[in-house]
Amino acid sequence: MLERLNEAMDHIERHLDREIDVAVLARTAMTSEYHFRRLFSALAGMPLSEYVRRRRMTVAGAEVLAGGRTLLDIAVSYGYTSGEAFARAFRAVHGVGPGEARRTGAALRSQPRMSFRLIVEGSSSMRYRIVEKAGFTVVGRCARVPLVHEGVNPAIAEHIRSIDPETVRRIAELSDQQPEGIVSVVDHLTDSREEGVELDYHHAVVTSAEPPDDLDALAVPAGTWAVFENSGPYPQALQYLWRDVYTQWFPSNPYRSRPGPEMLRTRPSQDGTHADSELWIPVERAVPSGDGASAGPATVG
């Protein structure tokens, strides 16, 4: 898997002067576009589009300072239709326009070329199981909240506090399958998983019951789920688990992520500092030929 990812990185490097087709990168890595974007973000710590932009402007910046070609020629060679568009992209990365950079010899920012390698750290093994699950409904209260990578998410905490005890009781009574009881369900999270992006957060249960009209409902089709068990400090251990699933488990197992909500069943200790949890991630078997990539064209400009 890592060898294929590095071949995809080589492709990016060879095509910095044009639009980069994400479908080609996914096929090179022998996975789907959806999984490639998510895996890249987890491994690289930034969205794919941001990495491409930084690399493109790093290489373009060297040409600007070298002075061998006009700024317009450089802009066109990197796929920009005007000098103004190139200048905006250049300033967003370097903090200075290309003209000023050339005149003053300003210091520019550099995004190193990335490659991925395996580091054996001797960390503890991850406990997981694969579950085939029939279609179900997530029923509860939903809110649109920003993604927070570390620490308690204040928007989620406020959303949970806003649900009155009677409503919580009614929601809990609808639970009739795994994961049991009240769960946290995350849906419509962007592939980049960049901090601050918005997502749908459901404080809800998983059920086959007909949802009441006054509660929010999300229909989820049948599919395969990887279920990870976790126990540790709350919420840090959970946030590290989410990261480790994408950076360690997926590259080592014949599965890839698929579209769908991610579900978390948490049972905190009495003082709230520790929790036992199950994380449910929608997955599918990896297809070596690259089949299953999304059909529509997608590029990284």
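1. Of the 301 residues in the chain, 46% are buried, where buried means under 20% relative accessible area, exposed means over 50%, and partly exposed lies in between, with a 1.4 Å probe and protein chains only. The accessible surface of the chain is about 15000 Å², and carbon and sulfur atoms account for 51% of this area; the areas come from the Shrake-Rupley method with a 1.4 Å probe, and for residues only the protein chains shown count as cover.

2. Please keep in mind that this is a predicted model, in which local features need pLDDT of at least 70 and side-chain atom pairs count only at pLDDT 80 or more, while totals for chains, interfaces and linings use all residues. Residues are numbered from 1 along each chain as its sequence is written, and side-chain values use heavy atoms, with hydrogens and water left out.

3. The chain has ten helices and eleven strands, these being DSSP runs numbered from the N terminus (H or I over at least four residues for helices, E over at least two for strands). Among contacts between residues at least 6 apart in sequence, 75% join residues at least 24 apart, a contact being heavy atoms within 4.5 Å.

4. Helix α1 (residues 2-14) packs against helix α3 (residues 33-44) at an angle of about 90 degrees, and their axes are 13 Å apart. That makes α1 roughly perpendicular to α3, on a scale where angles under 35 degrees count as roughly parallel, over 145 as roughly antiparallel, 65 to 115 as roughly perpendicular and the rest as oblique. The axes are lines fitted to C-alpha atoms, for helices over the stretch in contact, and the angles run from 0 to 180 degrees between N-to-C directions. On the α1 side, Leu5, Ala8 and Met9 meet Phe36, Leu39, Phe40 and Leu43 of α3.

5. The structure holds 18 salt bridges, each defined as a side-chain nitrogen of Lys or Arg within 4 Å of a carboxyl oxygen of Asp or Glu. One of them joins the side chains of Arg55 and Glu13 at 2.3 Å, N to O. Arg55 lies in helix α4 (residues 48-66) and Glu13 in helix α1, so this pair ties together parts that are 42 residues apart in sequence. Both Arg55 and Glu13 are buried.

6. A salt bridge also joins the side chains of Arg38 and Glu262, at 2.9 Å, N to O. Because Arg38 lies in helix α3 and Glu262 in strand β9 (residues 262-268), the pair ties together parts that are 224 residues apart in sequence. Arg38 is buried, with a relative accessible area of 3%, and Glu262 is likewise buried, with a relative accessible area of 3%.

7. Glu229 forms a salt bridge with Arg127, with the closest N and O atoms 3.1 Å apart. The pair links Glu229 in strand β7 (residues 223-233) to Arg127 in strand β2 (residues 127-133), 102 residues apart. Glu229 counts as partly exposed at 33% relative accessibility, whereas Arg127 counts as exposed at 56%. Salt bridges that share partners join Arg127, Arg129, Glu229 and Glu278 into one network.

8. Two points of backbone geometry deserve a look. The peptide bond from Gln178 to Pro179 is cis, with omega near -5 degrees, and Pro179 is placed in the loop between α9 (165-173) and β4 (183-187). Met30, in the loop between α2 (22-28) and α3, has phi near 60 degrees, a positive value in a residue other than glycine. Met30 is partly exposed, with a relative accessible area of 25%.
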